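Hi everyone, thanks for making the time. Let me put the structure up, and then I'll walk you through a few places in it.

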Amino acid sequence: QRYDPDAPVPAPPARSEGQTTNPRPLTRVEISRRIDEFLVSNGALVRINDAGRELGQIVAFHNSTFDPSKVVPTLVMRNEDYGRLSRILADGTVVELEVNIVNRLHPEGRTAYNVVAEIEGSDKKGEVVMLGGHLDSWQAATGATDNAVGCATVMEAARILKTIGVRPRRTIRVALWTGEEQGLLGSQAYVREHFGTFENPKRDYFLLAAYLNIDNGTGRARGASVFGPPAAAAVIREALAPLADLGLVGAAATNRRALGSTDSASFNAAGLPGINFEQDPIQYESATHHTNLDTYHLAMRDELLPRFDKASMPALAGSSR
Ligand SMILES: [Zn+2]
């Protein structure tokens, strides 16, 4: 069967009447919480997690309780080192570790900030097209591919629009979100405050034309996922058609309102037209996503939004050149 982008989005499979379900297995977070409770109540000094990735990759997260009394200091050890310790222990040899963890609490730093800028529209300036990505990242590296490249892409798009002096009809607003990694906190707060939800809309709910999001690593955008009916995806497909020579192949509709994955979900969850770009994977899942390797050297600049070269760069708006 051939994929038809205009086909209605299938409904999720219905659970049949009277069907018995097994008790839900614990999620990873729930298992981790129980381990923490066990370690705290038994006076453990430190928790050591197996990084569980190859070649020294480390994924370091945070204390999801945000309460140091509920979690013992935790370190993530390279799989190769963790495996060696496990083998020595399994051999019956006592292992002694010297651990030096310095944690600092910043109780005054409870507020994080979104960064928002806009190019004002003209005859329809009350209506808004938004684009964005998240500015926060994980601590094991600098977050080059998650999501500095996304921020750079939307900033560059805004810079080009500004430089060529477009007078858009609708206001174009760029947002660099905070707290994405802790649960889309910045974008959810923004949507709540400015737009409300489909069920409980604020005035501006009806003034947002679309929100375009980029957050899938250093690879080139290849297609868009559009929250809305198939007709919405058709509009975006048409808009993207001139970019087909860059390998941007189209758009498909989604009706998922579940939170998760990335900031466009905050808009989708409210019933607003969130658009997220799917990108070439490059080394995102295998190496850089949330790891200690997510630094500048694995961001591939050539895969980002193509730039003007020196000869074709338009003059600065307002300059006499
Ligand atoms: Zn991200």
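Predicted model: local features only at pLDDT ≥ 70, side-chain atom pairs only at ≥ 80, totals over all residues.

Let's begin at Glu-156, a buried residue with a relative accessible area of 10%. By buried I mean under 20% relative accessible area, with exposed being over 50% and partly exposed in between, using a 1.4 Å probe and protein chains only. Glu-156 forms a salt bridge with Arg-159, and the closest N and O atoms are 3.0 Å apart. A salt bridge here is a side-chain nitrogen of Lys or Arg within 4 Å of a carboxyl oxygen of Asp or Glu. The two residues are separated by about one helical turn, because they sit 3 residues apart in helix H3, residues 144-163.

Residues are numbered from 1 along each chain as its sequence is written, and side-chain values use heavy atoms, with hydrogens and water left out.

For the overall picture, the protein chain has 7 helices and 9 strands. Those are DSSP runs numbered from the N terminus: helices are H or I with at least four residues, strands are E with at least two. Buried residues make up 33% of the 321 residues. Taken along the principal axes, the C-alpha atoms fill a box of roughly 75 × 65 × 45 Å. Of the contacts with a separation of 6 or more, 79% come from residues 24 or more positions apart, where contact means heavy atoms within 4.5 Å.

Back to salt bridges. How many does a search of the whole structure find? There are 12. Arg-24 and Glu-30 meet through their side chains at 3.1 Å, N to O; Arg-24 is exposed at 58% relative accessibility, and Glu-30 is partly exposed at 27%. Glu-120 and Lys-125 form a salt bridge at 3.9 Å, N to O. In that pair, Glu-120 is partly exposed at 48%, and Lys-125 is partly exposed at 46%.

The site links distant parts of the chain: His-134 is in strand E4, residues 124-134, and Asp-215 is in the loop between strand E6 (208-213) and strand E7 (221-227), 81 residues apart. His-134 is buried, at 0%, and Asp-215 is buried too, at 5%.

Next, Arg-173, in strand E5, residues 170-177. Is this arginine buried or exposed? Buried, with a relative accessible area of 16%. Its side chain makes a polar contact with that of Glu-118 at 2.8 Å. A polar contact is a pair of N or O atoms within 3.5 Å; within protein, one must be able to donate a hydrogen and the other to accept it, and residues adjacent in sequence count only if both atoms are side-chain atoms. Leaving aside neighbours within four places in sequence, the contacts of Arg-173 include Val-128, Leu-131 and Tyr-190.

Tyr-190 takes us to helix H4, residues 185-194, where the buried residues are Gly-186, Ser-187, Tyr-190 and Val-191. They lie on the same side of H4, because they cover an arc of only 130° around the axis, the arc being that of the directions from the helix axis to the C-beta atoms. These buried residues pack against strand E3 (115-119), E4, E5 and helix H6 (264-269). The face turned away carries the exposed residues Arg-192 and Glu-193.

That's my tour, and I'm happy to go back to any of these places.
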